[in-house]
Amino acid sequence: MRRGIHTTRRGRWLAAAGAVLLVGATSLAGATSAADAQDLDGELVILQWQGGVEADLWADLGAAFVEANSGVEIREVVLTGTGDMRGPMRTALLGGEVVDIVINTWPAFRAELADAGIIGPIDEAWEENDWSALLSDSWRDLGALPDGTYGLTYTYGNRSGIWYKPEHLENAGIEPPETWDALIASFDALNEAGYQTPFAIPGQFWAHAELFETLLIRTSGVETATALAAHDIPWTDPAVRGALEKYAELLDAGCCADAAAMLANDWDGEADQLFLADERNYLMIGMWMNARARNDYGMAEGEDYSLFQFPALGLGHDNTSMVDSKEVNLTTNGDNPEAAIAFFDFLLTAEAATILADYGFASPSAEADTSLLGPVQQISTAAVADSEVQFVLGDLLPGDLVDEYRVQLQRFLQDPSEETIDAVLEAIEAKALDLY
Amino acid sequence: MSSGAADRGATSRPAREGRPEPADTGGWRPWRLTDAPAAMFLIVPVLVLFGIAVVYPLIETIRLSFYEIRGLAEPSYVGLGNYLTLFGDPTFRNTIATTLLFTLGVTAISVALGWAMAMLCSFAPAQTLPFRMMVFAAFAIPETVSGYMWVTILRPDRAGLLNSVIGAFIPDFSRAWLGDATTARWALIIAASWSAVGLPLLVCFAAVRAIPKSLIEAAYVDGARPISMMRHILMPLSLTGVRVAIFINLLGALRAFDIIFVLTGGGPVRATETIGYFMYRESMTQFKLGYGAAATVVLLIAVSVVSIPAIIQRTAQAK
């Protein structure tokens with residue numbers, strides 16, 4: 001796979017030997033980079049499953065890359081669907097689609113693709129391109145499997161932030177709550193200000209799990225979440241139960257709509273309720289909300305809407321945050337691995353980071369200028385930078401289990417009693433025992 | 001009067017002694033063995049296409065149902081393991097109950113409404129043509145499109161059409177129709193029936209119109225009132241159309257997927273998950289192709305149980 005790159009470079013080394021004597025090694029490095037860019041050609045195929053703003057982002061990233069590498073033509077294999085896109089991705093890959101790059105956000109899926117031999121390790125490219133100078137080891141670890149690095153993270157998001165409209169809190173005479181007790185107390189203040197349903201819980205598919213996952217790491221630490229994802233501890237563990245009890249505490253405090261209303265809406269419907277209908281005050285969802293608020297609602301970041309980090313529980317784990325990330329994987333059967341590696345390299349440049357920032361997405365690259373980020377993104381990146389992070393639990397679980405886990409959490413929302421908590425955890429554990 | 005063919009046979013080839021005369025075929029030449037190549041020539045392309053599009057995928061689905069396939073991992077043969085797991089799976093057992101409720105509910109409502117409308121429309125066929133066209137138009141709308149339309153009707157907030165209509169009479173009324181298991185099931189049945197009512201209307205209307213006019217005129221002359229006409233003439237004599245409508249709508253409801261996918265996604269808490277949706281979830285979302293194939297085979301058997309007797313009956317009637 002890397003032979004093509006080596007051969008090209010060897011040829012250039014010979015041709016440039018005289019110039020090396022004259023202009024020195026530093027100049028040569030620059031000339032080599034430029035020649036690399038000039039020599040790239042052919043079609044670069046990307047498996048694209050994202051829509052909306054993220055599809056636009058990728059179009060801009062692709063255009064910028066092609067501008068610098070005019071010989072390369074980017075073609076996206078576009079998949080459409082709703083919900084979990086791993087199904088359409090598997091179908092496309094098993095159906096014979098040959099792509100160079102897979103965009104991925106599920107660590108469990110990365111392992112599945114690697115086990116099937118569809119994607120390969122990128123350690124060699126990592127060293128050759130010195131990506132460690134731009135991405136810290138923790139980002140590399142995030143894209144790693146036991147036998148090597150497979151994913152290059154190009155963006156990440158905070159999943160422990162709570163979205164709100166400053167106007168709502170001003171009307172209620174409160175500040176963004178910094179503690180659990182302040183959060184609970186804010187419900188009464190918001191009710192008095194005319195808001196009947198402070199906290200949005202979008203329970204139709206998966207978004208109701210966001211709150212549970214942050215409560216899990218805030219009540220018992222990231223180690224517990226890691227152990228649970230690997231099933232080193234059972235779902236019936238008291239730590240897991242403790243997180244659900246906290247969730248029940250929130251529901252009992254009158255945070256939310258009735259169960260039927262929670263189960264009828266997905267995150268986008270609840271976002272409409274908060275930002276358009278002014279019927280909710282808090283929404284816990286990932287950073288893609290920023291792009292929706294800016295682009296779809298036309299709201300001013302930091303003025304019309306903002307974000308605060310999940311309040312402190314005082315249980316010793318308040319420096320933890322749930323995060324997600326998106327990475328690119330290199331396929332083993334792609335026709336243009338050289339262009340794919342060059343594209344990976346491009347994703348870490350200041351230019352790519354600027355494009356990401358324009359769309360409201362943060363780049364983990366050291367080249368990224370965080371001052372370009374909007375005020376909400378700055379709050380988010382600062383919170384993540386100060387935190388001990390844990391990848392979203394749902395994306396670490398096997399497909400079967402994550403489905404059961406989300407359905408059982410829906411059952412919990414219908415009746416957050418002690419008995420239901422026990423029944424729910426036992427049902428998830430029973431499924432887990434089948435799978436691990 | 002003998003036919004031309006019989007005449008030609010009589011003049012060119014005299015009948016041998018002891019051999020019966022060829023029957024009068026009314027102008028058609030009787031089938032001979034020499035017709036077989038032509039028949040084969042005509043039927044082979046259809047058989048080939050049928051084999052590629054129906055038989056091969058069917059055999060492949062049955063074959064897959066004997067394998068455990070998880071994600072992109074290598075398949076492993078498990079014999080009847082998937083079927084045993086399937087019938088031991090409480091989620092699947094629930095989907096059977098939901099499928100029965102959904103199928104019977106949609107069929108009963110759509111056929112009853114279509115039949116009733118067909119009989120009423122038959123009293124003024126020309127005047128009710130636009131109405132019949134409008135009802136049938138719903139049948140022509142793709143289920144995904146009608147699903148999204150019903151989503152806006154059943155939205156859980158006050159912007160939902162149903163909530164706003166009820167809210168006009170009951171201030172601050174708001175109900176999450178799709179978030180509660182019972183109302184979500186009935187919302188699905190009503191939404192699917194709305195789409196499905198056009199076909200029974202069309203078929204039953206044709207059956208009603210096929211009733212001999214003399215019978216209806218005789219009933220009028222005898223002083224029959226519209227209700228009696230419907231009860232004693234239109235209803236019993238349009239049953240053929242009703243049977244066809246039941247058959248088609250039953251099969252359609254049994255295989256329903258699109259409207260469930262759009263409206264509820266099988267929720268809340270899998271309360272609206274039918275076998276068709278279960279099959280999709282296991283095969284496409286979980287990518288357990290073998291397990292999903294086993295569910296497909298079960299659905300296929302259910303469809304066959306409903307359709308084969310009806311097809312045999314219709315074929316026998318055609319003879």
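Analyst: We will take domains, then a sheet, then a helix. Keep in mind that this is a predicted model.

User: Which domains does the assignment give for chain A?

Analyst: Domain bounds come from an automatic or database assignment. Here, domain 1 of chain A covers 40-157 + 333-379, and domain 2 covers 161-323 + 393-435. Their C-alpha centres lie 29 Å apart. The contact takes 15 residues from domain 1 of chain A and 16 residues from domain 2 of chain A.

User: Which element gives the most to the side of domain 1 of chain A that touches domain 2 of chain A?

Analyst: α18(A) does, with four residues. At least two residues each come from α5 (107-115), β7 (151-158) and α18 (375-385) of chain A. By type, this side of domain 1 of chain A has nine nonpolar residues, six polar and no charged.

User: In what order do the four strands of the open sheet in chain A run?

Analyst: Strands of a sheet pair through backbone hydrogen bonds, either parallel or antiparallel. In chain A the order is β9-β10-β8-β11, with mixed pairing. β9 (199-200) and β11 (306-309) of chain A are the edge strands, each pairing on one side only.

User: How many bridges join β8 and β11 of chain A?

Analyst: Four, in the antiparallel sense; β8 of chain A spans residues 161-164. A:Ile162 stands opposite A:Phe308 in β11(A).

User: Why does helix α10 of chain B lie largely in the open?

Analyst: Count its buried residues. Of the nine in α10(B), residues 213-221, the number buried is zero, so the helix lies largely in the open. B:Gly223 follows α10(B), and its phi is positive, near 85 degrees.

Note on methods: Residues numbered from 1 in each chain as written. Chains lettered and ligands numbered in written order. Predicted model: local features only at pLDDT ≥ 70, side-chain atom pairs only at ≥ 80, totals over all residues. Contact = placed C-beta atoms within 7 Å. Nonpolar A, V, L, I, M, F, W, Y, C, P; charged D, E, K, R; others polar. Buried ≥ 20, exposed ≤ 12 C-beta atoms within 10 Å, placed from the backbone. Pairing = 2+ DSSP bridges.
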